[in-house]
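Please open the structure in your viewer and keep the selection tool at hand.

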Amino acid sequence: MEAAARRRQHPGAAGGAGAQPGASFLQARYIPFFLILFVYFSGCFTATKAESSMPGVALLLVMPSGLYYWYLVTEGQIFILFIFTFFAMLALVLHQKRKCLFLDSNGLFLFSSFALTLLLVALWVAWLWNDPVLRKKYPGVIYVPEPWAFYTLHVSSRH
């Protein structure tokens with residue numbers, strides 16, 4: 001009976017053939033992705049302020065990009081890796097500003113997407129902060145519930 005309850009909690013949680021990899025392994029899989037994004041971002045600076053603007057069409061794409069990163073951060077449980085990357089990007093922007101270098105359109109797009117993602121994650125956590133079931137499932141100081149857990153707990157149970 002206890003084994004059946006554990007399997008319902010999370011697929012593969014009881015161990016065995018269907019066991020899910022540990023959280024540290026999942027976070028480690030994303031390190032090259034965020035490292036490549038940061039290296040790309042470090043090349044997105046220009047000396048002229050006139051080139052430091054984003055086309056209007058790109059502004060329309062910031063929202064889907066931010067939503068994609070929000071899903072990646074929340075479902076992949078990689079908030080710490082994301083926030084370190086975001087702060088490294090912010091530090092690089094501040095450092096380059098001292099050298100009179102400005103973000104080009106690609107850098108503005110990526111930075112805007114990350115800023116929107118941070119806002120969406122903060123709103124997500126604030127909205128689900130007092131959910132007792134999700135708080136029990138995601139204990140600890142950093143509380144970022146997965147969208148799939150929210151869906152299975154609150155949305156699919158209504159059908």
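Predicted model: local features only at pLDDT ≥ 70, side-chain atom pairs only at ≥ 80, totals over all residues.

Residues are numbered from 1 along each chain as its sequence is written, and side-chain values use heavy atoms, without hydrogens and water.

Select residues 56–75 for H4 and residues 105–127 for H6; the angle is about 50° and the axes lie 8 Å apart. Helices are DSSP runs (H or I, at least four residues) numbered from the N terminus. Axes are lines fitted to C-alpha atoms over the stretch in contact, with angles from 0 to 180 degrees between N-to-C directions.

Next, show side chains at the contact (heavy atoms within 4.5 Å). Trp 70 and Tyr 69 are among the H4 residues there, and Phe 114 and Trp 124 are among those of H6. This contact comprises 15 nonpolar, 6 polar and no charged residues. Ala, Val, Leu, Ile, Met, Phe, Trp, Tyr, Cys and Pro count as nonpolar, Asp, Glu, Lys and Arg as charged, and the others, Gly among them, as polar.

**Second stop: H3 and H5**

Now select residues 31–42 (H3) and 79–98 (H5), which pack at about 10° with axes 11 Å apart. H3 and H5 are therefore roughly parallel. Highlight Phe 34, Phe 38 and Phe 41 of H3, which are among the contact residues, as are Phe 82 and Met 89 of H5. Here the division is 10 nonpolar, 2 polar and no charged.

Technical notes
Helix = DSSP H or I, 4+ residues; strand = E, 2+ residues; numbered from the N terminus. Parallel < 35°, antiparallel > 145°, perpendicular 65-115°, else oblique.
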